[in-house]
Amino acid sequence: MLLSRNERKMIVAAVGLCEINSDVFGAGNRDQEFVGRKFKKRGIETSYSRIVHIGLSYGYIQYTQDGGGIGKLLTRMQSKVTDREFKAYFPNVVALIQLTNDGLEGEQYNRYGKSGQQYWNKLKKTDKEKLKERANTDTDKDEKPDNPLKADEEIRGARVQKIPYVEGYPPIDLWEDYAEKPKDGKINYPGWASAFKAAGELPVFQDTQLEMAVEDYFNPVLSHCQLWNIRSATGLAMVLAGAVRGGPSPTRPLVTLLSRVGKEKLGLTSRFEKPEQELEALKAIANAPSVEKNGKVNKELCHVGAIEFPADEKRRVNVLLKDEFDFLTEDLYDPNTYDKAHDK
């Protein structure tokens, strides 16, 4: 079976279901990595929670503000419609495109650069530990950090700054709305958050999201899939899911998880020879037990043999295997069609 552009979009759609909420293409994660899950919060706990602002993550694949994914997506969206149509959702379009692509010049730009997460990743281990101690220590058990970071100490890259939704109004974050709708007959939404959600309902914007995911995430990892002879739609989706979260590089651990499990579970040295081997490796991930060390179970980590990975990977594989909306074909793809020439 040929891996055409349409087939690639279907696999992207299946992967998207692992990440989104009920808003689908208009789904927005409102800086929940910063919020975290400690201190009775219900965000997404990371090593940099309460320290680094990732900002808005948006759409079917959850493109991030800090990483520049939203900027690339918005630029593509803008090229698909008239200026008037785009401004109906995003009136302060010049500032929005500048912010999400290159970031705003100023103190934050000079201090952290475009991406706060990249700044965090480059910090020395000792500096990270000092920040994490301030963000996480609660000796008096009052459900608040003892010495929380002040607003001007939190890491915000140049792309995660506040700008007005409408020129002349106070600046707000892209995951926020104003308390009241701007008093302008041409403005349909009370702020950025509502506008992004509404824009996700337009078919042209939906197709743009799928198109960008194919070109920026799926196509770059297909050489790895070809090397390992990954032929099933579910196997391809598993590799793509790792690329979406780890970046479009087959050298990253999550991108190669399926092949790593093939080595560990099946003793493979180079490639899956039979489709049944792919399925066996996928089921091994789907049924992986939690990591247990020194008599303590870590429910955030699972393992297949010596390979450890986040428990979320187990959840995602189970979603893909279930394939509730029939996005994943049962036919096998021809690895010779994984090149760009067949992406049409």
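Residues are numbered from 1 along each chain as its sequence is written, and side-chain values use heavy atoms, with hydrogens and water left out. Because the model is predicted, local features need pLDDT of at least 70 and side-chain atom pairs count only at pLDDT 80 or more, while totals for chains, interfaces and linings use all residues.

**View 1. The second largest pocket and its lining of 15 residues.** The space in this pocket is about 320 Å³, where a pocket is an open set of points on a 1 Å grid over the protein atoms alone, reached by a 1.4 Å probe and with protein on both sides within 12 Å along at least five of seven lines. The volume is the space filled by probe spheres set on the points, which are joined across faces, edges and corners, and lining residues have an atom within 4 Å of a point. Nearest the centre of the second largest pocket lie Ser 232, Thr 234, Leu 279, Thr 329 and Glu 330. Helices H11 (233-246), H13 (275-286) and H14 (311-322) each supply at least two lining residues, and H13 gives the most, with 4 residues; helices (H or I, at least four residues) and strands (E, at least two) are DSSP runs numbered from the N terminus. The lining comprises 8 nonpolar, 3 polar and 4 charged residues, with Ala, Val, Leu, Ile, Met, Phe, Trp, Tyr, Cys and Pro counted as nonpolar, Asp, Glu, Lys and Arg as charged, and the others, Gly among them, as polar.

**View 2. Helix H12 (residues 257-266) and the strands it lies across.** Within H12, Leu 257, Leu 258, Ser 259, Val 261 and Gly 262 are buried (under 20% relative accessible area, with exposed meaning over 50% and partly exposed in between, for a 1.4 Å probe and protein chains only). H12 lies across S9 and S10 and runs at about 150 degrees to S10; contact means heavy atoms within 4.5 Å, and angles run from 0 to 180 degrees between N-to-C directions of axes fitted to C-alpha atoms, for helices over the stretch in contact. After H12 comes Gly 267, with a positive phi near 75 degrees.

**View 3. The open sheet of 3 strands, in the order S8-S9-S10.** Pairing in this sheet is antiparallel, and two strands pair if DSSP finds at least two bridges between them. Strands S8 (290-293) and S10 (307-310) stand at the edges with a single partner strand each, so one side of each is left without a neighbour in the sheet. The twist averages 60 degrees from one strand to the next. S8 pairs with S9 (residues 296-304) over 4 bridges; Ser 290 stands opposite Cys 302, Val 291 opposite Asn 298, and Lys 293 opposite Lys 296. S9 and S10 are likewise joined by 4 bridges, and Leu 301 has Pro 310 in S10 as its bridge partner. In the hairpin of S9 and S10, with 2 residues between the strands, Gly 305 takes a positive phi near 60 degrees.

**View 4. Arg 50 and Asn 294, each with a positive phi although not a glycine.** Most residues other than glycine have a negative phi. Arg 50, with a phi of about 70 degrees, is found in the loop between helix H2 (32-35) and strand S2 (52-53) and is buried, with a relative accessible area of 10%. Asn 294, with a phi of about 55 degrees, lies in the loop between S8 and S9 and is exposed, with a relative accessible area of 83%.
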